[in-house]
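The structure is shown here.

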Amino acid sequence: MQFHRNGFRPGDPDVHPAAAGHRRAGDPLPETVDVLIAGAGPAGLCLAAQLAQVPQIRTLVVEPKPGPMEKGQADGISVRTMEMFQAFGFAEKVLRESVWINETTFWSPGDEGRLTRVARVDDVPEGTSEMPHVLINQARVHDMFLDRMRNAPTRLAPDYGLKVLDLHVDPTAHDHPVHVTLAHTAPEREGETVQLRANYVIGCDGARSSVRRAIGGALHGDAAHQAWGVMDLLAVTDFPDWRKKSFVRSQGEGTLMVLPREGGHLVRLYVELDRLGDDERVASRGLGAEHIVAKAQRIFRPFELDVKEVVWWSIYEIGHRLTDKFDDVPEHEVATRAPRVLLAGDACHTHSPKAGQGMNVSMGDTFNLGWKLISVLTGRAAPALLHSYSGERRAAAQALVAFDHTWSRVVGERAEPCAAGSLPRVAREFVHNLPFTCGLTVQYPAGALTGAPAHQQLAAGFELGKRFHSAPVVRLADARPMQLGHCIDADARFRVFIFAPASDTGAPGGPVASLCRWLERDAASPLRRHGAPGEDLDAVIDTRAVFPHGHRALEHSAMPPLLRPPVGRHGLCDYEKVFCADPRPGQDVFELRGIDRAEGCMVVVRPDQYVGHVLPLSARDELAAYFAGILRTRA
């Protein structure tokens, strides 16, 4: 972590100096903004936390609720999302506060119908990620993003008690073309509206999204016609796996899921309630917390469940729905018009909470969108880059909806006989689906942002289009063991990781030094072409190197100048760009990720932590062409 780059900074390094000219929440609303975010849920706050770091971007976040969330709603954080939290800088805090899900158990009727544990499996397979699967109150996730926004240069905070009522896009206007009507939601201000204009509006306003409706979008899909109850509670029980994630199937009362929560005592239950008619809504049943408790007690028999306090509860219907497009541009206008209104989260896809994917996928949407908006609004990329958002994230949502459609039915099936020594179907499906539920199956297709796999064999473990799978390394300058992926911050920059061949120590004339010299000095270098005058050379593309040697075999002072550049107003040396393989057994990044030791390679990582390209060290034209297809020439 670097925070003395431009001179000594006392105090909390997470609190950035405030930028001049930004409004505070509660001040009179502006007439124009660069980005209006509708909704302060996980998707909206994940986006706002990125935009808040950029002083030249004026962002407004509106939320109809009167204040921040305190309890309820989602709780599962996948390993992929934990990797994303690392980029935001609060993964360690989440790890400390959350409950880690290490093992999942399965219970079904045994002899005489008595509940019996029939299987137990690891919740995250070995080698999947350096991060665990954790559970934590969604409100705390909101708090983490709100803290990052509050401490950012723009001091961004949501304006509560406001919602998007309607909007329209003026196709003839180039400056702030989205005309928005906001409505106050506080009872004492009911009926009051306000008008403003925005360059972009992002609808993170849930399944009943006003933003989606305004651009003519609709959710399409089906429902399973099954009511489920969800409840956070404090209870006394003799059920043995109360502090483990558990699937419990009774003989004739249905199914429930046990999810331990943070704090050592809180537990969430998902409880199967009643079948619904084809045209029936769950609200018509008049079900309440007492019905969830009573059904859970029947499913748990003969174990006792003595509920002491119900903290939060809700009843929902399972639905699997997806909107046609995640932005406002019709297919026949894609070539001539860039998006101005975009959707994220429940505004464009809904599903059941049983796989714990809703909050995770919603934040994945806006982590994908954030760097693209920043690149466009700061002039690094053309507005057409925003077309890639709908293309990439709708495919991810389609896979989620299809998965959830099947998984919901597996979870709700009646108990079946299971041969001795074999896993029941729900356990088999759970194990099979672990890569998906870990959030690791998203793979963006080849195109402008993801290169062709012609050189994938040079780094087989960094799959093109998939998330950058971190691995242990040792930082050369201070011999610090760390995860390579942890040097990727949520700062909208690309990364180029240079993996050196075994014969290269970084000396002049070697492949790494030659490549670094070209990157640093040649007019055709993407660092030169896409950086703006006055910016640091790594402001858009951050270059780092990893050597297969032990850290005591190399000298930091002998590294190419690009890998130890002067930074900030004092020209201080950046000591954090060179790494070595970890010599401990089973920790070598070259071995773990299948990197060709004889040839080495370059691995390009997008700002959202996905692998954009794998190239030979000599492929300078291909590297330049990749970035030229995404970024504007600014030098």
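The paragraphs below take up a helix pair, an aromatic pair and an annotated span.

This is a predicted model, in which local features need pLDDT of at least 70 and side-chain atom pairs count only at pLDDT 80 or more, while totals for chains, interfaces and linings use all residues. Residues are numbered from 1 along each chain as its sequence is written, and side-chain values use heavy atoms, with hydrogens and water left out.

Two packed helices are described by the angle between their axes and the distance between the axes. Helix α1 (residues 42-51) and helix α4 (residues 138-150) have axes that come within 9 Å and cross at roughly 20 degrees. Angles under 35 degrees count as roughly parallel, and α1 and α4 are therefore roughly parallel to each other. Pro 42, Leu 45, Cys 46, Ala 48 and Ala 49 of α1 meet Gln 138, His 142, Phe 145, Leu 146, Arg 148 and Met 149 of α4, where contact means heavy atoms within 4.5 Å. By class, this contact of α1 with α4 has 8 nonpolar, 2 polar and 1 charged residues.

The structure also holds 24 aromatic pairs, counted where ring centres lie within 6.5 Å. One of them joins Phe 88 and Phe 367, 5.6 Å centre to centre with 45 degrees between the planes. The pair is tilted, a term for planes neither under 30 degrees apart (stacked) nor over 60 (edge-to-face). Phe 88 lies in helix α2 (residues 79-88) and Phe 367 in helix α7 (residues 358-377), so the pair links distant parts of the chain, 279 residues apart. 

An unreviewed UniProt entry annotates residues 442-633 as "domain: Phenol hydroxylase-like C-terminal dimerisation". In the model, the end C-alpha atoms of residues 442-633 lie 30 Å apart, and the span is 15% helix and 20% strand.

Note on methods:
Axes fitted to C-alpha atoms, helices over the stretch in contact; angles between N-to-C directions. Helix = DSSP H or I, 4+ residues; strand = E, 2+ residues; numbered from the N terminus. Parallel < 35°, antiparallel > 145°, perpendicular 65-115°, else oblique. Nonpolar A, V, L, I, M, F, W, Y, C, P; charged D, E, K, R; others polar. UniProt positions renumbered as here; feature names shortened; annotations may be inferred. Phe/Tyr/Trp six-rings, centres within 6.5 Å; stacked < 30°, edge-to-face > 60°.
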